[in-house]
Amino acid sequence: MKFYCIADEDTVSGFRLAGIEAYAVSTAEEAQAVINETAARSDCGVLILTEKVAAWIRPQVDAIRLEKDRPLIVEIPGPEGPLSGRKSLRELVQEAVGVSVG
């Protein structure tokens, strides 16, 4: 199973450096087209979206989560930080690991 990322250009650049196939989008329409294509791939195991991109296409993200076994969709903060009311990446990691990280 492969990881894919759909996000802004800065986030995509980082994931590409890590060897993850990533797609830069700047509109909801672009995001919808790319998520449809990647989620339909038989090798798509994890789909990483920035919170902003996920918010643009929330009904589609929720439908994939509810109707399909995979891919696992993970939302991460973008370069501007977490959206209002959302936890930061550091807080999410601390909760998952149970240890304060820095």
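**A chat about the fold**

Colleague: What share of the protein chain counts as buried?
Modeller: Of its 102 residues, 35% count as buried, meaning under 20% relative accessible area, with exposed being over 50% and partly exposed in between (1.4 Å probe, protein chains only). This is a predicted model, where local features need pLDDT of at least 70 and side-chain atom pairs count only at pLDDT 80 or more, while totals for chains, interfaces and linings use all residues. Residues are numbered from 1 along each chain as its sequence is written, and side-chain values use heavy atoms, with hydrogens and water left out.

Colleague: Thanks! How many helices and strands are there?
Modeller: The protein chain has 5 helices and 4 strands; these are DSSP runs numbered from the N terminus, helices being H or I with at least four residues and strands E with at least two. Starting at the N terminus, the order is β-α-β-α-β-α-α-β-α.

Colleague: Which strands does strand 1 join?
Modeller: Strand 1 (residues 2-7) runs parallel to strand 3 (residues 44-50), with 5 bridges between them. Strand 1 also runs parallel to strand 2 (residues 21-24), through 4 bridges. Two strands count as paired if DSSP finds at least two bridges between them.

Colleague: Which residues are partners there?
Modeller: Ile-6 has Leu-49 in strand 3 as its bridge partner, and Tyr-4 stands opposite Glu-21 in strand 2.

Colleague: And is the β-α-β unit right-handed or left-handed?
Modeller: Strand 1, helix 1 (residues 9-17) and strand 2 form a right-handed unit. That is, with the strands pointing away from the viewer, the path from the first strand over the helix to the second runs clockwise.

Colleague: Switching to helix 2, which of its residues are buried?
Modeller: They are Ala-31, Val-34, Ile-35, Thr-38 and Ala-39. They cover an arc of only 115° around the axis, so they lie on the same side of helix 2; the arc is taken over directions from the helix axis to the C-beta atoms. An α-helix has 3.6 residues a turn, so residues three or four places apart point the same way.

Colleague: What do those buried residues pack against?
Modeller: The buried residues of helix 2 pack against strand 1, strand 2, strand 3, helix 3 (51-56) and helix 4 (58-67), a contact being heavy atoms within 4.5 Å.

Colleague: Last one: is Gly-19 buried or exposed?
Modeller: Gly-19 is exposed, at a relative accessible area of 64%. Gly-19 sits in the loop between helix 1 and strand 2. From Gly-19 to Tyr-4 is 15 residues in sequence and 9.8 Å in space, C-alpha to C-alpha.
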